[in-house]
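Subject: Handing over the structure

Hi,

Here is the structure I promised to pass on.

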Amino acid sequence: TAFVSIMRGCNNMCSFCVVPFTRGRERSRDAASIIKECTDLFNDGFREVTLLGQNVDSYQWMDPQNHTIISFAKLMEMVALISPDLRVRFSTSHPKDITDDVLFTMKKYDNICKYIHLPVQSGSTRILQMMNRTYTREWYIAKVDRIREILPGCGLSTDSITGFCSETEEDHQQTLSLFEYCEYDLAYMYFYSERPGTLAERRFEDDVPEEVKKRRLQEIVALHRIHSLKSMQRELGTIAKVLIEGDSKKSKEHWQGRSDHNKVVVFPKTGNLKKGDYADVFIESCTAGTLIGKCK
């Protein structure tokens, strides 16, 4: 597996974030160089690439030969067409920018993984406005609904920040209820920590006590653990296409890899399979973080 940077910087001015100040404005990379890098990686034996950017959905590059604009959906299609054996992932998406074109391109190609990281940060519209996230709670939920309409069963992960400036108990409950609605497969959860030089540091008081931040964070984490286990249990009895990444952490007699939905899968070594091969694995059991099965 490999990571391929497709752009630098960020034009979004989220009030808690230093990226626009440290990495500058968005700069999309030459599409031809991205395709060449991905092709070279595939020819060198890599079987999965993750297209990286602070906000990949805003990727845009003008082809100087025919003066056409290459969007992120088009770029992703170009990478997918390198080979059906090259698996394609991407991160990160900003909810306001992920388009139907991206979703329909994901649906069209089997080798584009059906997994989207869609940071929400908060379930409260008031807090989202203070964060300058440029969407409301209702708009985010509608985007999740659209993803599930076009890509049923698509894996979904998120980022959340609890205890942002002036966050009330009601705001926190709205975040919990949004987690209940979305039932994320994976979540990266933090309590707010003020960063020097950000808009939030200049404009708002970091006024939520740390013990309150930590308590609210633990409530979000506990809820997500329930959803994570449910997500794993939904895979029982299904067949997952797994890219073998190497030996299992616990046993050299087992392979470990990831499914299309970005779930870790462990299964016994059989036949002539090797690292970098794909295997169809029947899922027999699970933990909250791992699927366990056997080759079909």
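**Salt bridges**

Arg-146 and Glu-149 form a salt bridge, with 2.9 Å between the closest N and O atoms. By salt bridge I mean a side-chain nitrogen of Lys or Arg within 4 Å of a carboxyl oxygen of Asp or Glu. Before going on, two notes on the source: this is a predicted model, where local features need pLDDT of at least 70 and side-chain atom pairs count only at pLDDT 80 or more, while totals for chains, interfaces and linings use all residues. Residues are numbered from 1 along each chain as its sequence is written, and side-chain values use heavy atoms, with hydrogens and water left out.

Back to that pair. Arg-146 and Glu-149 are separated by about one helical turn, because they sit three residues apart in helix α6 (residues 137-150). Helices (H or I, at least four residues) and strands (E, at least two) are DSSP runs, numbered from the N terminus. Arg-146 is partly exposed at 24% relative accessibility, and Glu-149 is exposed at 55%. Those words have cut-offs: buried is under 20% relative accessible area, exposed is over 50%, and partly exposed is in between (1.4 Å probe, protein chains only).

How many salt bridges does a search of the whole structure find? The search finds 25. Some of them are linked in a network made of Glu-167, Glu-169, Arg-215, Arg-216 and Glu-219. Side chains of opposite charge can pair when their charged atoms come close.

**Around Asp-185**

If you set aside neighbours within four places in sequence, the contacts of Asp-185 (heavy atoms within 4.5 Å) include Cys-154, His-224 and Arg-234.

Arg-234 has a salt bridge of its own, to Glu-183, with the closest N and O atoms 3.7 Å apart. Arg-234 lies in the loop between α9 (210-233) and β11 (239-247) and Glu-183 in the loop between α7 and β10, so the pair ties together parts that are 51 residues apart in sequence. Arg-234 is partly exposed, at 48% relative accessible area.

**The inside**

The largest nonpolar core has 55 residues, and Tyr-59 and Ile-116 have the most contacts inside it. Such a core is a set of buried Ala, Val, Leu, Ile, Met, Phe, Trp, Tyr and Cys residues joined through side-chain atoms within 4.5 Å. Apart from it lies another core of 13 residues, among them Cys-14, Val-19, Phe-164 and Tyr-192.

Val-144 is in helix α6 and is buried, at 1% relative accessible area. Not counting residues up to four places away in sequence, Val-144 touches Leu-118, Leu-156 and Cys-182. The C-alpha atoms of Val-144 and Leu-156 are separated by 8.7 Å, and the two residues are twelve apart along the chain.

Where is the cis peptide bond? It joins Ser-91 and Thr-92, with omega about 5°. Thr-92 is found in the loop between β7 (87-91) and α4 (100-108).

Asn-132, in the loop between α5 (125-130) and α6, has a positive phi near 60° although it is a residue other than glycine. Thr-134 is in the loop between α5 and α6, and its phi is positive too, near 65°. Asn-132 is partly exposed at 34% relative accessibility, whereas Thr-134 is exposed at 53%.

Best wishes
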